[in-house]
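Hi,

Here's the structure I promised to pass on to you.

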Amino acid sequence: MKYLLSNIKIPLSAKEETLPEAIAKKIGLSPKSFSFEIVRRSIDARKQEGYWVYRVLLESKKPLFSKDAAPYLPEAPLLIEKKHWSYRPVVIGFGPAGLFASLVLARSGAKPIILERGKNVDERKKDIERLRNNGVFDPNSNVSYGEGGAGTFSDGKLNTGVKSPFAHFILEEFVKHGAPKAILIDAKPHIGSDLLPQIMTSFRKELLSLGADILFSSQLMDLEEKRNGLLLKYKGEDGLLHSLDTKTCFLAYGHSPFDTAKMLQKRGLAFVPKDYSIGVRLEVHQKDIDVSNYHENYGKTPLPSSSFQSVIHLSNGRSLYSFCMCPGGEVVNSSSDVGTVVTNGMSENARNKENGNAAMLVSLRVEDYFKGDMLDGYRYREYFEKKAFKREKPYFAPISRLRDFLDDRVSSHIGSVSPSYRPGFYFSDFKDCLPSFALHSLKEGLLSLMELQPFYKNDDIILTGVETRSSSPVRIPRNENYESNIHGLYPIGEGASFAGGITSAAIDGVKVALKVLDGLSI
Ligand SMILES: Cc1cc2nc3c(=O)[nH]c(=O)nc-3n(C[C@H](O)[C@H](O)[C@H](O)COP(=O)(O)OP(=O)(O)OC[C@H]3O[C@@H](n4cnc5c(N)ncnc54)[C@H](O)[C@@H]3O)c2cc1C
């Protein structure tokens, strides 16, 4: 009989080979009487001693009577039915939502046409390096735009709070296309920006082999609802305007393109403004985070670079919270518009850089920015992103030492933590590039966190601004068929606020594509 057996602990210093013994002890059977495979692995370092915690799929001839054992009920694999497609669906945007929607469509027999305003990963890599080395920015090929979307040059964390039957399918697809198998069992799976580009290339090859067309440097410029479907206009690689007719269009354009949102609003697409967040990226020695997580185990045994999470409720009713922590990574520019500075974080698979970073975000409410237009949230964040940009130092980011920020002065030097952001930085107190409530909230919250989490007690921690794009400033309402108010237009992923990360965007892409397949005849 097969069981899922949870909560098997071995000390952090122990090797995985000791797992059979630990299981045997837990269930009171000899290691020879069962076989198993690991299905989940996490670290519990809350206590001084610290443990690896496992869940295994165990096969035993004898029944198990452990409170942590449950009969194993296998999940049904995702079956994608072949359908008769009388037209070609179009997908706008080739980030995780667009990629996974396209994959489902292509496997069902459709030959989707994918429009992606950015370039393929190889070209994109060069453009990102040009910005990081020389401050030369390409508004259509950067950390936010291009093959794989915002997820490609990221930390590649794949954990999600969304419970979905498609989550495992998505991880398996990543593995099939070259991701490390460990993502299938790690509680906090991550891939890294050094591996993601090859994985995207492999996904692209599968899509092309199934008959999809992927048009890079092709930006949706117009969308019109016609009696028999949708008329799309896009600017192609040749710089000319081209037309496409379709009955079904998946809008997977992420939460960055204000220009496209404005065009769609003019064409009648309904948007609803929503709360989001604003703040800075905090950078600290990774070692300090690891010491505070691993206690005395730090340095004794090889352990992965660890992460942290913080949240503080503030006296003004808002919260300050950490987001998108990148262990052993770098702070990166993720602007998508000329003359703006936006920060985010990325890591390579090894997560072995000197610093860890995380966004420190203050909650922002619709009433903070709403002046009557549904897209005001985009305008609000753009205002601060532009303020952070200095013409004399293009794409340099404002930074401050933590102590100087708390003491209300502009830094004059860097301390023990070196900022990783490129192409460079200038010192700032953030007064002109963050709203005053955010400054006060950051100060109050960071002071409190210094008392709660020891690694914050470092005057040399670096704050880099501005972090404005942790989530979309709008929601695009969908009906029960996941269709927008424009017939045939299906908003998916983060741009429509149905996702907040790589895996949840991919899940949404799968879910909506399957729903559209449901509505087609076989
Ligand atoms: C640096 C960085 C690090 C991140 N790290 C993580 C992480 O570790 N884990 C995690 O879960 N999330 C992370 N995120 C967030 C994650 O990348 C996004 O949540 C996710 O990519 C959203 O997927 P999406 O498909 O909805 O949109 P996107 O990935 O934003 O993709 C949208 C695509 O649409 C294209 N597009 C836009 N407008 C048009 C148009 N008019 N015509 C044609 N194409 C268009 C864009 O070029 C883009 O490629 C990170 C984001 C960044 C920027």
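One thing to keep in mind from the start: this is a predicted model.

Let's begin with the overall layout. The chain splits into domain 1 (2–71), domain 2 (90–271 + 476–518) and domain 3 (273–467).

Now for the ligand. Why does it lie between two domains? Both domain 2 and domain 3 contribute residues to the shell around it, so the ligand sits between them. There are 38 residues around the ligand, and Glu 116, Ala 150, Thr 260, Glu 494 and Ile 502 come nearest. Sorted by class, that shell has 17 nonpolar, 16 polar and 5 charged residues. If you like to think in helices and strands, α2 (96–107), β8 (219–226), β17 (343–347) and α12 (502–518) each provide at least two shell residues.

A polar backbone atom of Gly 156 is 3.1 Å from an oxygen of the ligand. How much of the ligand does the protein bury? On its own the ligand exposes 990 Å², and the protein buries 95% of that.

Finally, domain 1 and domain 2. Their C-alpha centres are 39 Å apart, and 5 residues of domain 1 contact 5 residues of domain 2. About 450 Å² is buried between these two domains, with carbon and sulfur atoms giving 45% of it.

Methods: Residues numbered from 1 in each chain as written. Predicted model: local features only at pLDDT ≥ 70, side-chain atom pairs only at ≥ 80, totals over all residues. Heavy atoms only, no water. Near = heavy atom within 4 Å. Polar contact = N/O pair within 3.5 Å; in protein donor to acceptor, adjacent residues only side chain to side chain. Areas by Shrake-Rupley, 256 points an atom, 1.4 Å probe, with all protein chains shown as cover. Helix = DSSP H or I, 4+ residues; strand = E, 2+ residues; numbered from the N terminus. Nonpolar A, V, L, I, M, F, W, Y, C, P; charged D, E, K, R; others polar. Domains from an automatic or database assignment. Contact = heavy atoms within 4.5 Å. Buried area = accessible area lost by both parts, 1.4 Å probe.
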